[in-house]
Each structure stands twice: as structure tokens, then as C-alpha cells.
Amino acid sequence: MLDNFFTIQKHQGLARVGVIHTPHGDIYTPAFVGAATRATVKALTMSQMQALGSQAILANTYHLVLRPGTDLIREAGGLAKFSGWNKPTFTDSGGFQIFSLPNVKISEHGVKFKSHIDGANLEMTPESSMQAQWAIGADIHIAFDHLAKSENRKDIEEAMHRTHRWLDRCVAEHGRLREEASGQRPYLSEQYLYAVVQGGTFNDLRAESAKYCAEKPVDGFGIGGVFTAEGMDDMLQTVNSILPENKPRHLLGMGQEPIDLFVGAEYGCDTFDCVGPTRMARNGSLYTKDGRINIKNAKYAHDFTPLMSDCDCEFCKNYTRAYLHHLFKTDEITAKILASIHNEHFVVRTVDSIRESIMGGTFADYKKSFLSRYYQC
RNA sequence: GCUGGAAUCGUCUAGUGGCAAUGACAAGAGACUGUAAAUCUCUCGCCUUCGGGCUUCGUAGGUUCGAGUCCUACUUCCAGCA
């Protein structure tokens, strides 16, 4: 746990504007973090990410352990150097991916699973995830947690308690690795750890988990196991009222739907990450202020207007809907690139504008006008 | 001109007696939230009260309970020989 990691500039209810300070630069929050699972944001270069306004990326420990291996990333000088993204980075622990694989064997020690690439028998534990994340060298690490597949309360409670026990081991191992790294290259000596709050849709379990995590010497928090922020107002309010105010909170995996970003920010979440925007872009689903459209639809073949007239992304400024429609119909790589630029820009800018509205004290009005237009209600 | 071969959904194609008829592509639409996702799902002759009904495999006849499948003629295309 380090001082001056997070500073808050303005509050509006639970919502806040702040700055996360990392060795690779500052993140002005609330902020949308780009999903760079395999150390790349699919279909985008790092300079495109920078141009569209992204402040940080999140890579995935499970995927990087498999390929290219964490030793290689350490050898390269860490994730930021390796990927060419010399700005703030996160790594997710890999737990989420592992639990999505078939035939995983969960024990108190860790999780045994088969590589989805070559079937190799592997195991990840809280300790090995921390070691892998230190080798990868992202600025912010996420604790190795257990996300229950089930919606059953008993299963979720059990996974939550295991997550808590594993958190203690993550904290211990993270501390040991920090100790070991002190005096080495700067990027290795300042790495931060987020605990993960679980508990599903049960507010009492969420409260219990938030309390448990709040007392630990961690630098911030991930809120996991959320599948939609819509309607999760009470849960987020409960959790973020318990978590210490002076540490940042990351809403894990949320951001495909604008409402998730608004609801998350409203109740004090500072960062978000989501694969949705770029995945949907690759599949032809594009954000507009009036909702998402499928650019592959026949009705766009002759639409020579910009996707969004008031969007200043590279795609909207230079190309038309008809052109992107054509690129998708002919399966050109550029279709996915331009669509990804737009969608990623859209969510990054949406969260930026949320930050501005909190700063300006107009969040509530902004949320209402944005969402009523987007969801046409 | 002769001798072979071939004609099936927008395209290519499976099919040698029970078939509205295979697969791929194209087309139309939908899904996607800590990325095993440049992926996946559905529709794709016409009509339908979703039970079914109707019309289809170059054209016209024929054999058969039943024909895309067998027979005859014709049309068109391909290959070889002239």
C-alpha cells in the first residue's frame, strides 16, 4: 500500500472525480480502460488508442502466461515497454478466464485447468497469479479471485469466502514480491494491488465482502461478478459506501452498455474496462448517440452521411456509413479497424464527459439526457 | 455432322426410385459486458389459422403406387473426332 496513489478532486454524492497516479502517468477518473487482453487492443495500434483518447489499458494474466509467457514480458522490460503503450497499465488476474474454461478443478490451493491452446495441465494459485503479474509488470494488479458460475446464493457465498482467503494470500505474496523488487528497475518497484469484491446480487454478501476487502492493505478495489450495472444501484451504493473513499474502485468488465458507465460512476466507480466496444465493432455493431446500429444492414449501403456528425474520431471525421458498410460487406480488415476506433472512442469519450459533468455539477442532468436519447425512452 | 458428357435455390454443388431436395458462398436479420469471439445464432421456392397446403431439379411426353433420379424426343452447353 502506497501513499498518494489516488487523489480526489471533486465529489458529487458517491460520484467523484480523481486522479490515479502510476509510474507510467496519471489516469483522470472516471476513466474507461481499454481491454488489451493479449497485450493489444484487438484491431487497434497503441498510437490509435492514444489518438482516440485512451488513458490506460488492461491486459490479461491468463492469456499472457500461456503466450508469450511472463518471463518473456519481463525480459522485454515489462508490459508497457513490450506493448509500446508507455502509459498506465492494469492486469487482470486470470481468474475470470480460468473459471470460464471447462473442467476446472478448484481447491483451496488454487485452480487446475487445461490450456485452451494445447491442453497442457496447468495450475494457477493466488501466489502464482501475483508472481505472473509482477513479471508482466503492469502498474495495477488485480487479486486472484473466484467468480462463481452459479447464481445460487450458496455457491456465490462460498466463492466469495474463497476469494477472501485468497486475497490474504495475494496480499502476502504481493508484499513479498514488492520487497524482493525494491531497488530494482523503477517499473518493478511500484506496482499496486486491487482486492476484488464479490457477492453476486446479494447485498448482504456484497457488504460482507466490501468490509473484508476494505480492511486489507490494498491500493484499490475491483468490483467483480457484475453482469449489468443497470438496476445494481443498491448493490453499488452498498459496496462503495463501505469501501474507503481514498482508494480507487474498478468496475470489472463493465462498459458495453452506456448505462453501466453512468450507473457505475454515479455510485463512485472510478475505472471501467470492457471487451464489448471493440468486440461489437469487429462484428459491425456501432455506437451512436441514438443507440447502437448494425452497419452491415442493407439500409446503410447508400447512406453517405457520417456515422455521428458530432464525433471527432478518425472514422466519423473522414468516412461515411456507406463506406464502412462496404468495407464490412467485403470483409476488409480496415472495417474492423475503423469500427474499433469509433466504438472505443465512443466509450472513452462517454466516460470523459461523465467526468466533466461531475466536475461541473451537472451529472444528473447529463445522465438523464444521454440515456433517454440513447435508449429512446 | 458424328461420338461421348452435362443441365438441381442468386452462384458453385450433393443427390442413381420415397425429396421442398445436401453443403459452401452470397443475401437478409439478430446476439455479443474482468475476450478460447475478425465469433456465434436464425432465415433463405411460394402460401400458411404453423396442423399443413401448393409449385419445383432445361422442355415435352412416358414407365412406376411413387421420378431430380429410369425411358423417349427435343433444346442448350462442354469435350473429342471430323
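**Exercise 1.** In this predicted model, work out in which sense strands β2 and β3 pair, and over how many bridges.

*Solution.* Start by finding the two strands: β2 covers residues 15-22 and β3 covers residues 25-29. They pair in the antiparallel sense, over five bridges. Next, pick one spot along the pair: Gly-18 sits opposite Thr-29 in β3. Last, look at the turn. Two residues lie between β2 and β3, and the two strands form a hairpin.

**Exercise 2.** Find which residues have the most contacts inside the largest nonpolar core.

*Solution.* This core has 102 residues, and the ones to pick out are Ile-57, Ala-59, Ala-143, Tyr-194 and Phe-272. Now ask where the core comes from: α15 gives the largest share, eleven residues. Domain 1 (6-274) and domain 2 (281-374) each put in at least three residues. Then zoom in on Ile-57. Skip its neighbours within four places in sequence, and you'll find it in contact with Val-33, Gly-34, Ala-36, Val-41, Met-49, Trp-85 and Thr-89. Apart from this core there's another one, of seven residues, including Phe-96 and Ile-156.

**Exercise 3.** Describe the surface near RNA strand B by its nearest residues, its helices and strands, and its residue classes.

*Solution.* Begin with the 45 residues around RNA strand B: His-116, Leu-147, Gly-253, Val-275 and Ser-285 come nearest. Next, check the elements. α5 (95-100), β14 (271-274), α12 (276-282) and α15 (333-359) supply at least two residues each. Finish by sorting into classes: you get 20 polar, 14 nonpolar and eleven charged residues.

Methods:
Residues are numbered from 1 along each chain as its sequence is written. Chains are lettered from A and ligands numbered from 1 in the order in which they are written. This is a predicted model: local features need pLDDT of at least 70, side-chain atom pairs count only at pLDDT 80 or more; totals for chains, interfaces and linings use all residues. A residue is near a molecule or strand if its C-beta atom, placed from the backbone, lies within 6 Å of it. Helices (H or I, at least four residues) and strands (E, at least two) are DSSP runs, numbered from the N terminus. Ala, Val, Leu, Ile, Met, Phe, Trp, Tyr, Cys and Pro count as nonpolar, Asp, Glu, Lys and Arg as charged, and the others, Gly among them, as polar. A nonpolar core is a set of buried Ala, Val, Leu, Ile, Met, Phe, Trp, Tyr and Cys residues joined through C-beta atoms within 7 Å. A residue is buried if 20 or more other C-beta atoms lie within 10 Å of its own, exposed if 12 or fewer, and partly exposed in between; C-beta atoms are placed from the backbone. Domain bounds come from an automatic or database domain assignment. Two residues are in contact if their C-beta atoms, placed from the backbone, lie within 7 Å. Two strands pair if DSSP finds at least two bridges between them.
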